[in-house]
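Welcome! Here are some notes to read with the model open beside you.

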Amino acid sequence: MTKPFRRRDLLGIRDLTPEEIRGILDTAENFREINSREIKKVPALRGKTVINLFFENSTRTRTSFEIAAKRLSADAVNISVSASSVTKGETLVDTALNLDAMDPDCIVVRHSSAGVPHQLAKVSRAAIVNAGDGANEHPTQALLDAMTIREHKKKIRGQEVAIVGDILHSRVARSNVHLLTKMGAKVRVAGPGTLVPEEFKHFVDDGLTICPHVEDAIEGADVVMILRIQRERQDSAYFPTLREYAIHYGLTNERLDLAKKDAIVLHPGPMNRGIEIASEVADSSRSLILDQVKYGVAVRMAVLYLATGGNVVN
Ligand code: CP
């Protein structure tokens with residue numbers, strides 16, 4: 001069965017209804033099978049053009065958007081900002097207007113400042129997809145995390161999800177808190193007091209608990225999501241040393257043993273091994289970190305397809 005997806009841009013999870021989130025996940029589920037075929041290509045986006053405009057570094061997101069576009073037969077163009085006219089002083093809006101003049105169907109943008117995708121959506125005719133804006137949102141990461149949880153736990157509603165680490169600087173945490181609370185999960189967050197933002201208190205009525213200790217968040221959890229320490233966004237010392245962070249907040253096997261026996265471990269990557277997550281956990285059978293990356297391609301296929309006018313498939 002198909003039904004229309006009445007949204008052009010994907011700027012954040014905050015704007016989406018639970019039905020829209022389900023629609024994207026169902027569509028991604030349908031696309032997933034293409035990725036295991038011998039010939040991984042379908043004509044769904046033939047004739048469409050997708051531009052990847054990344055002002056920040058990326059391994060997973062940029063590559064998977066490019067692969068997703070190509071598997072749907074779109075023409076995918078990657079703009080390297082360091083080789084673009086941004087280095088000559090061209091403004092963000094002028095850059096977007098000039099790209100838009102070439103009639104792309106979708107521009108996927110990552111930027112270190114919150115709100116850049118929203119700004120581009122106001123001036124661009126192409127659909128804008130947020131691939132991460134500062135510490136604001138990373139909607140496709142939350143969607144691929146949700147797909148991983150759905151695949152391994154069969155549903156999101158009622159799952160106890162611990163989100164641990166540098167929440168203050170994490171767009172992944174923000175998108176996940178929006179998504180998981182909208183979909184009925186019970187979310188517990190923990191990290192150094194300096195890295196848990198005040199704004200998260202607003203989610204308490206929606207099923208979010210702020211825990212004083214990492215162990216309180218992990219105890220009894222179905223899903224343990226570990227966040228990266230974002231040293232590039234930290235302009236002051238939020239904790240004494242990385243070694244102390246690892247001791248007090250890092251996910252070790254001992255801490256993971258507090259979670260349910262069949263708990264799964266997620267991390268958006270890139271990982272700081274030995275700091276927020278021990279290698280023994282990252283490489284264990286409970287870790288689904290590479291599954292997340294795999295589902296990321298299907299989620300981004302769904303997002304590109306729906307943003308360029310495709311119908312929800314379920
Ligand atoms: N999870 C994530 O956004 O990874 P990249 O920075 O490599 O895209």
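Domain bounds here come from an automatic or database domain assignment.

1. The chain is divided into domain 1 (18–137 + 294–307) and domain 2 (139–292). Their C-alpha centres lie 25 Å apart. Across the boundary, 29 residues of domain 1 are in contact (heavy atoms within 4.5 Å) with 29 residues of domain 2.

2. A word on how to read this: it is a predicted model, where local features need pLDDT of at least 70, side-chain atom pairs count only at pLDDT 80 or more, and totals for chains, interfaces and linings use all residues. Residues are numbered from 1 along each chain as its sequence is written, and side-chain values use heavy atoms, with hydrogens and water left out.

3. Now find the ligand. Around it (a heavy atom within 4 Å) are Ser58, Thr59, Arg60, Thr61, Arg110, His138, Gln141, Pro268 and Gly269. Domain 1 and domain 2 each supply at least three residues of this shell.

4. By class, the shell holds 1 nonpolar, 6 polar and 2 charged residues; Pro counts as nonpolar, Arg as charged, and Gly is among the polar ones.

5. Which atoms come close in polar contacts (pairs of N or O atoms within 3.5 Å)? Oxygen atoms of the ligand lie 2.7 Å from a backbone N or O atom of threonine 59 and 2.9 Å from one of arginine 60. On the side-chain side, an N or O atom of glutamine 141 is 3.0 Å from a ligand nitrogen. Taken alone, the ligand exposes 260 Å², and the protein buries 92% of that (Shrake-Rupley method, 1.4 Å probe).

Key
A polar contact is a pair of N or O atoms within 3.5 Å; within protein, one must be able to donate a hydrogen and the other to accept it, and residues adjacent in sequence count only if both atoms are side-chain atoms.
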